[in-house]
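Trainee: I am new to this structure. Could you take me through the terms used for it?
Mentor: Gladly. Have a look first.

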Amino acid sequence: MSMAATDTHEAGLRIGTHLFSSRLIVGTGKYPTLALMREAIAASGADMVTVAVRRLNLNAPREENLLDHLDRSRITLLPNTAGCYTAEEAIRTVRMARELGLSDLVKLEVLGDQRTLLPDTEALLEATRVLAKEGCQVMPYTNDDPIMAKKLQDAGAICVMPLAAPIGSGQGILNPLNIRLLMDAVSVPVIVDAGVGTASDAAVAMELGADGVLMNTAIACADDPVKMARAMRLAIEAGRLAYEAGRIPRKPYASASSPDGGLVHPA
């Protein structure tokens, strides 16, 4: 089980050198407008927000920019390498983000193909090793394989981010057993990333013992992104509380809520 998941004394989520009050991380893509994005982020309560480095147009200072709509006094940016398909491309993108001073954190994505958007874990591991040696706080997006998660941790990752299902699929957690095994395999925080579709999916992830959940499509593409953002916020909080409280064991037969013991039987 990850250390952060077993530490109930620390109220927030600690990743690397950062401590966050929210265990929900949200993205900035796919919103109809930047104003709606800003409102949804506020409703989510998230204090870490992902930004795709390759989609930032920083060469046109007079044009409206995504970063103009993020309160960087309250929100920590998490630049990501979305759209990178090789280790070299991802490493170059991270170095650019560092030069721009976006953050010392990075969500590292190295995708395997355009149809599934599943990670190329071999290239991901290579990029993690390089960037960790350069002093980056690397948060790799990976599959739900506990063996690879351990390798990423050993390569210097400050957390691991296994997918629940393919990116944007909204299918929820398809393999909860693997998520549990993965959490047992590492001592860094585990952030469930990709595939969440609705609030119950987020709650399930937290009840499994995940340290946090990252999502974008589930909020941005909902009929009402602001309401969904608030629902996700509440689901994360409820799931975490349920995990800390400890669920009752499953039993094959009924167990009376009012036991027979101590009952007075009529004569």
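Mentor: Let us begin with a term. A nonpolar core is a set of buried Ala, Val, Leu, Ile, Met, Phe, Trp, Tyr and Cys residues joined through side-chain atoms within 4.5 Å. Keep in mind that this is a predicted model.

Trainee: What makes up the largest nonpolar core, and which residues have the most contacts inside it?

Mentor: The largest nonpolar core has 69 residues. Those with the most contacts inside it are Leu-70, Leu-108, Val-213, Met-215, Ile-219 and Met-232. Helix α9, residues 225-245, gives the most to this core, with 6 residues. There is also a second, separate core of 13 residues, including Leu-13 and Met-48.

Trainee: What does Val-213 touch, leaving out residues up to four places away in sequence?

Mentor: Among its contacts are Arg-23, Leu-24, Ile-25, Ile-191, Val-192 and Ile-236.

Trainee: How do you know that the length of helix α4 agrees with its number of residues?

Mentor: Helix α4 covers residues 121-133, which is 13 residues. At 1.5 Å a residue, α4 should span 18 Å. The end C-alpha atoms of α4 are 18 Å apart, so the two agree.

Trainee: Which residues of α4 are buried, and what do they pack against?

Mentor: The buried ones are Thr-121, Ala-123, Leu-124, Leu-125, Ala-127, Thr-128 and Leu-131. They pack against α3, β6, β7 and α5. Just after α4, Gly-135 takes a positive phi of about 95°.

Trainee: Why is Gln-153 called buried?

Mentor: Buried means under 20% relative accessible area. Gln-153 has 16%, so Gln-153 is buried. Its place is in helix α5. Not counting residues up to four places away in sequence, Gln-153 touches Val-186, Ser-187 and Val-188.

Trainee: Why are α5 and α6 called roughly parallel?

Mentor: Angles under 35 degrees count as roughly parallel. The axes of α5 and α6 cross at roughly 30°. α5 and α6 are therefore roughly parallel to each other. Their axes come within 8 Å. The contact is made by Pro-146, Ala-149 and Lys-150 of α5 and Leu-181, Leu-182 and Ala-185 of α6.

Trainee: Which hand does the crossing of α5 and α6 have, left or right?

Mentor: α5 passes α6 in a right-handed crossing.

Trainee: What makes the phi of Leu-117 worth a look?

Mentor: Most residues other than glycine have a negative phi. Leu-117 has a positive phi of about 55° although it is not a glycine. Leu-117 lies in the loop between β6 and α4.

Trainee: Why is Leu-117 called partly exposed?

Mentor: Under 20% is buried, over 50% is exposed, and partly exposed is in between. Leu-117 has a relative accessible area of 25%, so Leu-117 is partly exposed.

Trainee: Where is Ala-194, and what is its phi?

Mentor: Ala-194 is in the loop between β9 and α7. Its phi is near 85°, a positive value in a residue other than glycine.

Trainee: How do you know whether Ala-194 is buried or exposed?

Mentor: Set its value against the cut-off of 20%. Ala-194 has a relative accessible area of 10%, so Ala-194 is buried.

Trainee: What is Leu-174 in contact with, leaving aside neighbours within four places in sequence?

Mentor: Leu-174 is in contact with Ala-164, Ala-165 and Pro-166. Leu-174 is found in the loop between β8 and α6.

Definitions and conventions: Residues numbered from 1 in each chain as written. Predicted model: local features only at pLDDT ≥ 70, side-chain atom pairs only at ≥ 80, totals over all residues. Heavy atoms only, no water. Helix = DSSP H or I, 4+ residues; strand = E, 2+ residues; numbered from the N terminus. Expected span 1.5 Å × (residues − 1). Buried < 20%, exposed > 50% of the residue type's maximum accessible area, 1.4 Å probe, protein only. Contact = heavy atoms within 4.5 Å. Axes fitted to C-alpha atoms, helices over the stretch in contact; angles between N-to-C directions. Parallel < 35°, antiparallel > 145°, perpendicular 65-115°, else oblique. Left-handed = near helix turned anticlockwise from the far one by under 90°.
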